[in-house]
Amino acid sequence: MIFFYIFTWIAFLIQLSIVVLSIAAGLYYLAELVEEYSMTTAKVIKAMLIFSTLSYCCLWMFEDISTVVVGFGLISNIIYGFVLNTFPYIELLSPSFISACVCLVVNHYLAFQYFSIDTHSFTEVLAFFTICLWLVPFSFFISLSANDNVLPTLDRRNQAFGNDSDDVVSNYFLQNKKRKGLLSLMEGIREKLLPTRTKAF
């Protein structure tokens, strides 16, 4: 009996490590796709944003979902649209990105509060969280590494104010930026954990 208990825990740890490695490999592949096809990714995120907005509207019309949850979800989608306007260049300290992060937290709080009072099945709650709360923010999270491959262009706002010295091209070459985002994180972990092979000539 004791051996079977230990045997079960060993099997569980093996299964858990396989699941974690599979998710990491999938995220790495998605991050590479986003970097390679950033304009297509923007169109896909826009389609997901429209789908999420339509889902909120349908839930409000056909189901008994709280108006506060739906209303704040729609406001969040509008803010996600502002973040999408500058895609693939996402500035982490921009007001739109910070507002999107705040909306994500408040959205989760309102949803948890609603579903703790109004009983729904687990699959319905999971469907709401997946489509309405997680789909678009997760897409932006994966797309953070696309910033690294954006070619420098002129900042139209600085041109309008006559401040050409602070445009994006000048800043790009003056600042020695390190890569950031999901893909660079995964590559860093791979370099630390997996040994590199050196060719002998």
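**View 1. Serine 52, a buried residue in helix α2.** Serine 52 has 0% relative accessibility, so it counts as buried (buried is under 20% relative accessible area, exposed over 50% and partly exposed in between, with a 1.4 Å probe and protein chains only). It's found in helix α2, residues 38–62 (helices are DSSP runs of H or I with at least four residues, strands are E runs of at least two, and numbering starts from the N terminus). The serine 52 side chain makes a polar contact with the side chain of asparagine 77, at 3.4 Å (a polar contact is a pair of N or O atoms within 3.5 Å; within protein, one must be able to donate a hydrogen and the other to accept it, and residues adjacent in sequence count only if both atoms are side-chain atoms). Setting aside neighbours within four places in sequence, serine 52 is in contact with Asn77, Ile131 and Cys132 (contact means heavy atoms within 4.5 Å).

A note on the model: this is a predicted one, where local features need pLDDT of at least 70 and side-chain atom pairs count only at pLDDT 80 or more, while totals for chains, interfaces and linings use all residues. Residues are numbered from 1 along each chain as its sequence is written, and side-chain values use heavy atoms, with hydrogens and water left out.

**View 2. The largest nonpolar core, with 16 residues.** Those with the most contacts inside this core are Ile45, Tyr80, Leu84, Phe87, Ile90, Val136 and Phe140 (a nonpolar core is a set of buried Ala, Val, Leu, Ile, Met, Phe, Trp, Tyr and Cys residues joined through side-chain atoms within 4.5 Å). Two or more residues each come from α2, α3 (67–85), α4 (95–117) and α5 (122–143). Zoom in on isoleucine 45 and, neighbours within four places aside, you'll find contacts with Leu84, Phe87, Val136, Ser139, Phe140 and Ser143.

**View 3. A second, separate core of 13 residues.** Tyr56, Ala111, Val125 and Phe129 are among its members.

**View 4. Phenylalanine 12 in helix α1.** Helix α1 covers residues 2–36 and holds phenylalanine 12. With a relative accessible area of 39%, phenylalanine 12 is partly exposed.

**View 5. The whole chain, for context.** The protein chain has 8 helices and 0 strands. Of its 201 residues, 30% count as buried. Look at contacts between residues at least 6 apart in sequence, and 69% of them join residues at least 24 apart.
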